[in-house]
Amino acid sequence: FSLFMILENGSVNLESGETLHCHKNFKIIFTDNRIGNINYYKYHGTFEQNLAFLDRINSVCYFEDYNEDELRQILQKKFPVFCEKYDRQTFRNDYLEKLLLFRKYVLEENAREALSETVSVRSMISIIKNFMVLDDLPKAIELGYTNKINQDNERQFVTRLVQRIFN
C-alpha cells in the first residue's frame, strides 16, 4: 500500500501521523520476468502485475540481445569442449552451428508470434550443460528449452524443428 502512495502522491503517511516526502530525485526501478508473450506467465512465483500498479509507473522495455557472432564467441569461450566436439555421424564439429541455427529459427518464429518462448542465452547455456552430460543435443534441447513450452502445438513445432536440423 505504501508503494502505491509513493507512486501516486510522492509521499507516504506513517501510522504515527507523520508524512514522509520523497526526495525530488527519487526513482524506483522495477524489473519483470516476462519472456515472449507478455500475457504468458510460467516461471514459479511470477504473476500478472496489478493494472492499478502498472498505471502508476512509466514502462520502459529494454532488451539487448546478442547477435549470432557475439553469442558464438561467448559460448566458444565458456564451453570450448562443446564447440570442439565432433558429431559422430558427420565427423564435423558443427554442434554449435546447429544450436545457433536452432536459436535463429526459434527467434524468427517468436517474432512472428508463432512461438511464445524465445531462446535466451541462459537457455543456450542450459542446453549445452545438458548436452555435456547426455551427449545428445536434441535431448538437451528438449530438457533446456522445449519443456518450458506449455502449448502442445508449439512443442510439436519445436520437436519437428529439432528433427529437421539434427537428423
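**Overall fold**

The model is predicted. Its secondary structure amounts to eight helices and two strands, arranged along the sequence as α-β-β-α-α-α-α-α-α-α. The protein has 167 residues, of which 29% count as buried. Among contacts in the protein with a separation of 6 or more, 52% come from residues 24 or more positions apart.

**Helix α5**

Helix α5 covers residues 95-111. At 1.5 Å a residue, its 17 residues should span 24 Å, and the end C-alpha atoms of α5 are 24 Å apart, so the two values agree. The buried residues of α5 are Tyr 95, Leu 96, Lys 98, Leu 99, Leu 100, Phe 102, Arg 103, Val 106, Glu 109 and Asn 110. An α-helix has 3.6 residues a turn, so residues three or four places apart point the same way. The cover over the buried residues of α5 includes the helices in this table, together with α8.

| Helix | Residues |
|---|---|
| α3 | 68-78 |
| α4 | 80-84 |
| α6 | 121-134 |
| α7 | 137-144 |

Just after α5, Glu 113 has a positive phi of about 65°.

**Packing of α5 on α8**

Two packed helices are described by the angle between their axes and the distance between the axes. For α5 and α8 (residues 152-166), the axes come within 10 Å and cross at roughly 145°. This crossing of α5 and α8 is right-handed. From α5, the residues in the contact are Lys 98, Leu 99, Leu 101, Phe 102, Tyr 105, Val 106 and Glu 109. They meet Phe 157, Val 158, Leu 161, Val 162, Arg 164, Ile 165 and Phe 166 of α8. By class, this contact of α5 with α8 holds 11 nonpolar residues, three charged residues and no polar ones.

**Ile 125 in α6**

Ile 125 lies in helix α6. The relative accessible area of Ile 125 is 18%, and the residue therefore counts as buried, the cut-off being under 20%. Apart from neighbours within four places in sequence, Ile 125 is in contact with Leu 75, Lys 78 and Phe 79. Ile 125 and Lys 78 are 47 residues apart in sequence, while their C-alpha atoms are 8.9 Å apart in space.

How values were computed
Residues are numbered from 1 along each chain as its sequence is written. This is a predicted model: local features need pLDDT of at least 70, side-chain atom pairs count only at pLDDT 80 or more; totals for chains, interfaces and linings use all residues. Side-chain values use heavy atoms; hydrogens and water are left out. Axes are lines fitted to C-alpha atoms, for helices over the stretch in contact, and angles run from 0 to 180 degrees between N-to-C directions. Helices (H or I, at least four residues) and strands (E, at least two) are DSSP runs, numbered from the N terminus. A crossing is left-handed if the near helix is turned anticlockwise from the far one by less than a right angle, and right-handed if clockwise. Contact means heavy atoms within 4.5 Å. Ala, Val, Leu, Ile, Met, Phe, Trp, Tyr, Cys and Pro count as nonpolar, Asp, Glu, Lys and Arg as charged, and the others, Gly among them, as polar. Buried means under 20% relative accessible area, exposed over 50%, partly exposed in between (1.4 Å probe, protein chains only). The expected span of a helix is 1.5 Å times one less than its number of residues.
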